[in-house]
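Take a look at the model below before reading on. The paragraphs that follow go through its parts in turn.

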Amino acid sequence: MKMTAEEHKKRTARSYKLLLLFAMISITMLFAGLTSAYVVGKSRPDWLKDFQMPAPFFWSTATIILCSVTFYLAKKAIQKDNRANTTMFLWATLVLGVVFVFFQKQGFNQLFENHLYPTGASGSITISFLYVIVVAHLAHLAGGLISLLIIIYNHFKQKYNSSQFLGIELGAMYWHFLDFLWIYLFLFLYFFK
């Protein structure tokens, strides 16, 4: 029996969502391993007990939450065929994503200014864990930014509309995942000292 175009579209969408779900589960397992290692490392005698999270990490947390909001609004706008708002919200998400990276860099700069290094004679295992966790998240965020650029490009090529917005939907799913992942990591690092 031959599949209709609509059935094919639904099956393709389901397949892409399933692949993305498997990728997100794999990423979750990576960070579960990193945070477990952090918990084990905390018992070391050279662990920093009075470490304070740099203020820019607070700002980056607020920024990535705004990214999820703007991506959600972009998805809602394209579902209503509102191309102008979709464009505005996609660009806002990209700008906020870059601002998130900027605040992360500022957080690292603040660590350096306070002579908190991940390696070397004055290095600390606590800071090493922080660097590994944050840089691993930034690497996954880079993938999110690249996919967002592809989504923006496809949007300008008019590949999305109210009946075809799978790319935006998948991008939003991944971005929301990165958002929740960062909130988990931030709260974990802030409270579990």
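**A buried glutamate and its surroundings**

Glu169 is buried, with a relative accessible area of 16%; buried means under 20% relative accessible area, exposed over 50%, and partly exposed in between (1.4 Å probe, protein chains only). The model is a predicted one, in which local features need pLDDT of at least 70 and side-chain atom pairs count only at pLDDT 80 or more, while totals for chains, interfaces and linings use all residues. Residues are numbered from 1 along each chain as its sequence is written, and side-chain values use heavy atoms, with hydrogens and water left out.

Which residue forms a salt bridge with Glu169? The partner is Lys17, with the closest N and O atoms 3.1 Å apart; a salt bridge is a side-chain nitrogen of Lys or Arg within 4 Å of a carboxyl oxygen of Asp or Glu. Glu169 belongs to helix H5 and Lys17 to helix H1, so the pair ties together parts that are 152 residues apart in sequence. Lys17 is partly exposed, at a relative accessible area of 29%.

By this rule the count of salt bridges is two. The other pair joins the side chains of Arg44 and Asp46, at 2.9 Å from N to O. Arg44 is partly exposed at 38% relative accessibility, and Asp46 is partly exposed at 40%. Side chains of opposite charge can pair when their charged atoms come close.

The protein chain as a whole has five helices and zero strands, where helices (H or I, at least four residues) and strands (E, at least two) are DSSP runs numbered from the N terminus. Its elements run α-α-α-α-α from the N terminus on. The C-alpha trace spans about 65 × 40 × 25 Å along its principal axes. Of the 193 residues in the protein chain, 41% are buried.

On a 1 Å grid over the protein atoms alone, a cavity is a set of points where a 1.4 Å probe fits but cannot get out, and a pocket is an open set with protein on both sides within 12 Å along at least five of seven lines; lining residues have an atom within 4 Å of a point. The largest pocket holds about 210 Å³ of space, a volume being the space filled by probe spheres set on the points, which are joined across faces, edges and corners. Helix H1 (5-41) and helix H5 (166-191) each supply at least two residues of the lining. H1 gives the largest share, seven residues.

Helix H2 has 25 residues and reaches 37 Å from its first C-alpha to its last, close to the 36 Å expected at 1.5 Å a residue; the expected span is 1.5 Å times one less than the number of residues. Leu73 sits in H2 (residues 55-79) and is partly exposed at 32% relative accessibility. Just after H2, Asp81 takes a positive phi of about 60 degrees.

Helix H4 (residues 125-156) should span 46 Å with its 32 residues at 1.5 Å a residue, and its end C-alpha atoms are 46 Å apart, which agrees. H4 is followed by Gln158, which has a positive phi near 60 degrees.
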